[in-house]
Structure formats: C-alpha cells, structure tokens
Number of protein chains: 2
Amino acid sequence: MSKIRAAIVGYGNIGKGVEAALSQNPDFELKAVFTRREPDTLTLKTPGARVLREQDAHLYKDEIDVIALCGGSNDDLPTQGPKMAALFNMVDSFDTHAAIPGYLAKMDAAARQAGRTAIISTGWDPGLFSMLRLLSGAVLPVGEDYTFWGKGVSQGHSSAVRSLPGVKDAVQYTIPVEAALQAVRAGEQPNLTTREKHIRVCYVVPEEGADTARIEQDIKTMKNYFDAYDTTVHFITQEQMRQDHAAMPHGGFVFRSGVTGGGHRQIVEFSLKLASNPEFTAGVMVAFMRAAYRLNKEGQTGGRTVFDIPLYYLSAAERDSLIKELL
Amino acid sequence: MSKIRAAIVGYGNIGKGVEAALSQNPDFELKAVFTRREPDTLTLKTPGARVLREQDAHLYKDEIDVIALCGGSNDDLPTQGPKMAALFNMVDSFDTHAAIPGYLAKMDAAARQAGRTAIISTGWDPGLFSMLRLLSGAVLPVGEDYTFWGKGVSQGHSSAVRSLPGVKDAVQYTIPVEAALQAVRAGEQPNLTTREKHIRVCYVVPEEGADTARIEQDIKTMKNYFDAYDTTVHFITQEQMRQDHAAMPHGGFVFRSGVTGGGHRQIVEFSLKLASNPEFTAGVMVAFMRAAYRLNKEGQTGGRTVFDIPLYYLSAAERDSLIKELL
C-alpha cells in the first residue's frame, strides 16, 4: 500500500516532534519540511525528506497528501492557517481557546473552497482534554468539570518572566495543588479559586548585579500572570538552568464529578504525564493527520475539530481489527 | 423542540438505570418500558410512561425514536438484538468481547434492512474503555496498553460462587493490585501475570451447617474463575450481606504507557470510580441513544460501534456551543 505523503510547516519543537512521531507511524512518509529560514541551515533526521521554502509551498500541493502546521497560535496561524488550508489537507494545534470559533470559520471557508480538509486545535488542550470534557459531560450531564494543568512548563508565563528587567533567563512551572486534586478525586465537588487550583514556581537566572528582591516582587505582583496565584521564585545560575530545566515535561488532569439519577456519585478522571510536551502534542497531530487524509479521500472537505471525527479514523489499523482487538 | 421518544426493553438494574439517566436528560422523554413480566407487576418512576409487553413491541415502532436494550449478553441479546434492531433505532451494552464481531454483523444486517441505526456495546468496557484504548494507542503507537478493573462486583464470579454446594449467597469483588497500578503509572511497562494484576475477594453466606473450609477450597481452586488469582474468602451472615454488599460499585483504569520518537516516556491514564455500575453504564447508553437517533435522522443506518461516532453526536448541546465552551 502506498504511504501517506506528509509535510511539516515550521521546524521548531513541535515540528521536530512531528518528524519524530512520523518515524513511529509506518503508514506515513515525510516528504518535506517547509521553513521560513534558509533551507541550508536545517538538518533533518529523516533520510530523503527535503527542506523547502515556505513561500514555495504552493508548488508542491499535488505531491503532499497532508501537512502538520506547526506555527504559533498568536503570530503565525491566524494568517498562515487559511493560506495553507487552501493548498493542503492539514492539521494544526491552534490553542487560543477564545479565538477558536472565528479561526474555525476562516479555516472551514478556505478548505471547503479548495476541496481540502483541515482539522484544527489538535494536541492535548485543546485536543484530547476537550474530547474528554465532551465525552464525560455527555455521560454525566449532572456534574462538574475540573481541569488541572501540570506539572509543566508554561511558555507564556516563562516569557512574561523573561521580559522583566534584570532577568537573563527564566522558566515557569505550573503545578496542580495536591489537596485540590484529592478533593475532586474524592467526589467532593469543591468550589476552587484560581489560587486553590495551581501554584506557580519560577526558576530565574538574574543578570549580573540585578536586584533579586525586586525581581521576585515584580513576578509575584504581575497582573493576569501571577497576582492570583501563590508563586515561588528560585534564583539559579545559567549552568543550573541548562542542566535541570531543558526538558519540556507537562501533563494535567480532566475530571468529571457527577451524580447519576439514583443519587450515586460517579467520577471520571483522565490524566497525562508527559516527559515531552511537544513530542506528545505531535503524536496527537499525526493521528489527526491520518484522519484528515482519510476524510478528504471520502470527499469530506472543510474545517473540522476533534469533536467531529469518528475515532477509528485516527488509527493505522483497520476498523474490523480495532473492533476485534480493542472493543 | 420536540423530545426524543425513548423506550427501555428490560427493567432490571440497567433498565432502571436508563430510566434514571433519562430523567437527567431533558431532551428525552421516556414513553414506555417493554417487559416479559406481567406489566401490572412493574411500577415505573416516570410519570406518564407505560409498561408494555415485549411481544407487542412491533406495534409501537412508529411511536418510539430510539430504545435502550437492557438484556443480558449471554441469554437475551443474541436473539433479541437483531429482532429489535429491525424495529427501532437502538443501543445495547453487549459485553461478550470475543463475540462482538459476529454480533455486529447480524445487527448491521438487521438494522440496515429496516433503515434503522443500532449502536452496540456501549457502556464502559466495552465502551468508554475501548474508546480510550483506541485513542491513546493511535497517539502513542509505540507503547503498551494496561486495563485494570475494580474495585467492583463481578456478576459472573459472584454467580460462580453462589453455584457451589453449601453457599446460600455470595458476592465477589475484583480489586486491582496497588503495586501493579503504581508500576504502570511510573512508566515501568511491567510484564504482569494475571495474579499480579488483580486480587479477588469473596463474601459468602454459608448454608446452615455447611463445611466452610471446603467451600473456601472449592472457590480458590475453581478453574478459569479463581485458580489463577490470589483469592480471599470471608464468611458473613445474610444480614451483613444485606447491609454491606447491596451497592454495585465498580470502576477501573486504562493506561497507555508509551515512548515517543525522541525517546521520551509518555503516560495516558483514564479511570472510573463508580458508586453505581448500572447507573453509569446507563448514562453512557443514553448518550449513545442520542447519537443513534441523530445518525438515523441523517440517513446513516446499520450497525455502529463506539468507534464510529463523532463525539459531538453524544451531547445535548449544539456543536457550535461545544466548540465554544469545551474545545
């Protein structure tokens, strides 16, 4: 059987993760990475795959079955997404929750007009966590949802700390409060404030001679980012940063705590413990790349979300064998 | 908007659970319960719903939009399923894993010919657990699946104990071995024997003057049921049985422990803690009743599994609002 011809747009952490994930999925073949950088400056791990200029992507639209669009949700995807959806079947991991409906409308229009299929906001939140919220809420309509994130690095919060004067480098971990997790798991349906759900821990490399007391104060009082949380700040050396904080672990928990009609308490819990956030996100994207390709072959064009896809489209195995082995 | 007109076939624990679940889903209206018993002997909790003879079900096929078929997988569903699928859109919780492909083929033929839609093996295993096995395996193709059941009552094992001479009543709990759960959760990918995964605990009410040592021996050596497990047997009074073991709790765990292409360990965990197994199973069935009804309205007829249904069909909310609120 011929392989699904894949391409990656953007060769950052997620793009590299998609390359690694494709190597574990033998029904795919990575044909190309599209980049805005000078192609010569990139060295891929996949033998035979080419590095091409993103601006030339349209030249390859008949040679690629599906792409993973690995740009950022703020700067790249809002313009890049609809452009690419008009050329290729595609998935992305657009993760600005509030902007999803507007983005989906644009992606749907672009993909539909071109006869392409675009699945947006794959990944794990949005993505797998969203699927679990929908599924568990449909099964337990009387109940409460709880989502916790971490322990893991928040890129947004890390950037915010790095932007402060006197900060040379910084990383921020979001950590669920264990007592809150336990209360939810015990079915107590607590009303949790922001402060009661997560703590934030920062590791900061200060500039030479910087006022660390002021930096700590600046972090803890930063509006929207830290002021509603209990935050701990540790000052470390650049060497410690390199040694102890280079990995990108993450994870989290989705709970549905409900009561069924006879008054019985029922708890659904879904959790992820990820040693590499970008590699796992990429794994989800590749499963949905397969779905986008298959849907398109069936003539199902336009914009889709993770809510719209029958699960068997995600697996490399045949439906009959999934029913036999996993149902 | 007019409500979905539902019926229940079989008024045991699951059937009563479906009635309770329908009362929490205002887009449904329970019209009837079909039973093989004398209709007069049943008292429903739902005002306005009728108790009707199962043999008269065909008379009502135009008055019911979808049914929940609540019979047993061994004795009832193999014959009752295809008969009902030729009359109504329906769901069941057929749970004889090995027989699913054959059953699906029969249900598909019956439903397709009648222009009906039948979703089989809803519930939680098969059902939600199956969905999580498929989803997490598609995302982490290099890895291992682990499913644990309990703590919960196994009906099959309880019956097996009750069938022994000298046993007046009995209940059997399946319990996951905590050390095995922890090893899987820690990403160790252990190779677990049957004995290392679950223990079995029996509560037995002996007949007056029965030889309890022999009963205990008979249980622990029972082929296929107990001989491969560490089993504990407690003898109790009928009064204790009534007081402490009337509830039907259950639950379990599905893990996918994988390694992504860059060598990072990733763990997906899904778990259920259910105070009432039949009420939760019924909650899943009602969500899939909604899907069966909707699929049929769109002309999608025949047999389906939980792998075949886009998630948004399960929820009472509109797709747009799900995308806005949950994605």
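A crossing of two helices is called right-handed if the near helix is turned clockwise from the far one by less than a right angle. With that in hand, here are some close-ups of this predicted model.

**View 1. Helices H2 and H3 of chain A cross in the right-handed sense.** Helix H2(A) covers residues 77–85 and helix H3(A) residues 100–114, and their axes come within 7 Å and cross at roughly 20°. Angles under 35 degrees count as roughly parallel, so H2(A) is roughly parallel to H3(A). On the H2(A) side, look for Leu77(A), Pro78(A), Gly81(A), Pro82(A) and Ala85(A). They meet Tyr103(A), Lys106(A), Met107(A), Ala110(A), Ala111(A) and Ala114(A) of H3(A). Sorted by class, this contact holds nine nonpolar residues, one polar and one charged.

View 2. In general, two copies of a chain are related by a rotation about an axis and a shift along it. Here, chain B is superposed on chain A by a rotation of 180° with a shift of 0.0 Å along the axis, at an RMSD of 0.0 Å.

**View 3. Helix H4 of chain A packs with helix H4 of chain B.** Both helices span residues 128–139, and they pack at an angle of about 175° with their axes 13 Å apart. An angle over 145 degrees counts as roughly antiparallel, so that is how H4(A) runs relative to H4(B). Chain A brings Leu128(A), Met131(A), Leu132(A), Leu135(A) and Val139(A) to the contact, and chain B brings Leu128(B), Met131(B), Leu132(B), Leu135(B) and Val139(B). The tally by class is ten nonpolar, no polar and no charged residues.

**View 4. Seven strands of chain B form an open sheet with parallel pairing.** Follow the strands across in the order E3-E2-E1-E4-E5-E6-E14. The edges are strand E3 (50–53) and strand E14 (302–304) of chain B, each of which pairs on one side only. From one strand to the next, the twist averages 25°. At the E14(B) end, strand E6 (residues 117–119) of chain B pairs with E14(B) in the parallel sense over three bridges. For a landmark there, find Ala118(B), whose bridge partner in E14(B) is Gly303(B).

**View 5. Helices H1 and H2 of chain B lie on this seven-stranded sheet.** Helix H1 (residues 13–22) of chain B touches strands E1 (4–9), E2 (28–35) and E4 (66–69) of chain B, and its direction makes about 160° with that of E1(B). Helix H2 (residues 77–85) of chain B lies across E1, E4, E5 (90–92) and E6 of chain B, running at about 180° to E4(B).

**View 6. A four-stranded open sheet in chain B has mixed pairing.** Its strand order is E8-E9-E10-E11. Strand E8 (152–153) and strand E11 (230–235) of chain B each have a single partner strand, so one side of each is left without a neighbour in the sheet. E8(B) runs antiparallel to strand E9 (residues 167–176) of chain B, and two bridges join them. Gly152(B) has Thr174(B) as its bridge partner in E9(B). Helix H5 (residues 155–162) of chain B lies across E8, E9 and strand E10 (198–206) of chain B, at about 145° to E9(B).

Methods:
Residues are numbered from 1 along each chain as its sequence is written. Chains are lettered from A and ligands numbered from 1 in the order in which they are written. This is a predicted model: local features need pLDDT of at least 70, side-chain atom pairs count only at pLDDT 80 or more; totals for chains, interfaces and linings use all residues. Side-chain values use heavy atoms; hydrogens and water are left out. Copies are superposed by least squares on the C-alpha atoms of residues with pLDDT of at least 70 in both. Axes are lines fitted to C-alpha atoms, for helices over the stretch in contact, and angles run from 0 to 180 degrees between N-to-C directions. Angles under 35 degrees count as roughly parallel, over 145 as roughly antiparallel, 65 to 115 as roughly perpendicular and the rest as oblique. Contact means heavy atoms within 4.5 Å. Ala, Val, Leu, Ile, Met, Phe, Trp, Tyr, Cys and Pro count as nonpolar, Asp, Glu, Lys and Arg as charged, and the others, Gly among them, as polar. Two strands pair if DSSP finds at least two bridges between them.
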